[in-house]
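Student: I have a chain open on my screen and would like to walk through it with you. Could we start with whatever term I need for the polar contacts?
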Amino acid sequence: MEVVLFGGGGGAGGGYGAAVANARGATGGAGGGAFVSRVFRASDLTATVTVTIGAGGAGGAAASTGTAGGNTTFGSYLTAFGGGRSLAGATSNDRGGGGGG
């Protein structure tokens, strides 16, 4: 049996909105969740296996950091890690999130 998992994607941070005369900052994109697949023999698995689906991370409000995506698991046999969050926008640097491992 083939098991295919995707981790939840991370949430992007909110942009930085300054006064009109000042610099405004965007945020970098958040990381995508990992993809993993594996083929198992039925005889290698327990009778029941708990599956957990990782939720996508929430985006941040204005000038707030997003949240990381959740991990998706197939019991203790296999995990697809969630993507990293991105930080809030600033006046100069974009700060993206890392991809799931």
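Tutor: A polar contact is a pair of N or O atoms within 3.5 Å, and within protein one atom must be able to donate a hydrogen while the other accepts it. Please keep in mind that this is a predicted model. With that term in hand, the side chain of Ser 86 reaches the backbone nitrogen of Gly 13 at 2.7 Å.

Student: Is Ser 86 buried or exposed?
Tutor: Ser 86 counts as buried, because its relative accessibility is 0% and buried means under 20%.

Student: Let me step back, then. How many helices and strands are there in the chain?
Tutor: The protein chain has zero helices and five strands, so that, read along the sequence, its pattern is β-β-β-β-β. Of the 101 residues in the protein chain, 31% are buried. Among contacts between residues at least 6 apart in sequence, 67% join residues at least 24 apart. The accessible surface of the protein chain comes to about 5,600 Å², and 53% of that surface belongs to carbon and sulfur atoms.

Student: Can we look at one of those strands? What does Val 3 touch, if you leave aside its neighbours within four places in sequence?
Tutor: Val 3 lies in strand 1, and with those neighbours left aside it is in contact with Val 36, Ser 37, Arg 38, Phe 40, Phe 74 and Leu 78. Val 3 and Phe 74 are 71 residues apart in sequence, while their C-alpha atoms are 8.0 Å apart in space. Val 3 counts as buried because its relative accessibility is 7%.

Student: What about Phe 6, buried or exposed?
Tutor: Phe 6 is found in strand 1, which spans residues 2–6, but Phe 6 counts as exposed, because its relative accessibility is 53%. Together with Val 4 and Phe 35, Phe 6 makes a nonpolar surface patch of about 320 Å².

Student: Changing topic to rings: how many aromatic pairs does a search of the whole structure find?
Tutor: That search finds four aromatic pairs. One of them is formed by Phe 40 and Phe 74, a tilted pair at 5.6 Å centre to centre with 40 degrees between the planes. This pair links distant parts of the chain, since Phe 40 is in the loop between strand 2 (35–39) and strand 3 (51–52), Phe 74 is in strand 4, and the two are 34 residues apart. Both Phe 40 and Phe 74 are buried.

Student: Which other ring does Phe 74 pair with?
Tutor: Phe 74 also forms a tilted pair with Tyr 77, at 5.9 Å centre to centre and with 45 degrees between the planes.

Student: Now charges. How many salt bridges does the structure hold?
Tutor: The structure holds one salt bridge, which joins Asp 44 and Arg 41, with the closest N and O atoms 3.3 Å apart. Side chains of opposite charge can pair when their charged atoms come close. Asp 44 counts as partly exposed because its relative accessibility is 41%, while Arg 41 is exposed, with a relative accessible area of 57%.

Student: One last thing: what is the phi of Ala 63?
Tutor: Ala 63 has a positive phi of about 60 degrees although it is not a glycine. Most residues other than glycine have a negative phi. Ala 63 is found in the loop between strand 3 and strand 4, and it is partly exposed, with a relative accessible area of 44%.

How values were computed
Residues are numbered from 1 along each chain as its sequence is written. This is a predicted model: local features need pLDDT of at least 70, side-chain atom pairs count only at pLDDT 80 or more; totals for chains, interfaces and linings use all residues. Side-chain values use heavy atoms; hydrogens and water are left out. Buried means under 20% relative accessible area, exposed over 50%, partly exposed in between (1.4 Å probe, protein chains only). Patches are made of residues with over 30% relative accessible area and no salt bridge: like charges are joined within 9 Å, nonpolar side chains (Val, Leu, Ile, Met, Phe, Trp, Tyr) within 5 Å. Accessible areas come from the Shrake-Rupley method with a 1.4 Å probe; for residues, only the protein chains shown count as cover. A salt bridge is a side-chain nitrogen of Lys or Arg within 4 Å of a carboxyl oxygen of Asp or Glu. Helices (H or I, at least four residues) and strands (E, at least two) are DSSP runs, numbered from the N terminus. Rings of Phe, Tyr and Trp (its six-membered ring) pair if their centres lie within 6.5 Å; planes under 30 degrees apart count as stacked, over 60 as edge-to-face and the rest as tilted. Contact means heavy atoms within 4.5 Å.
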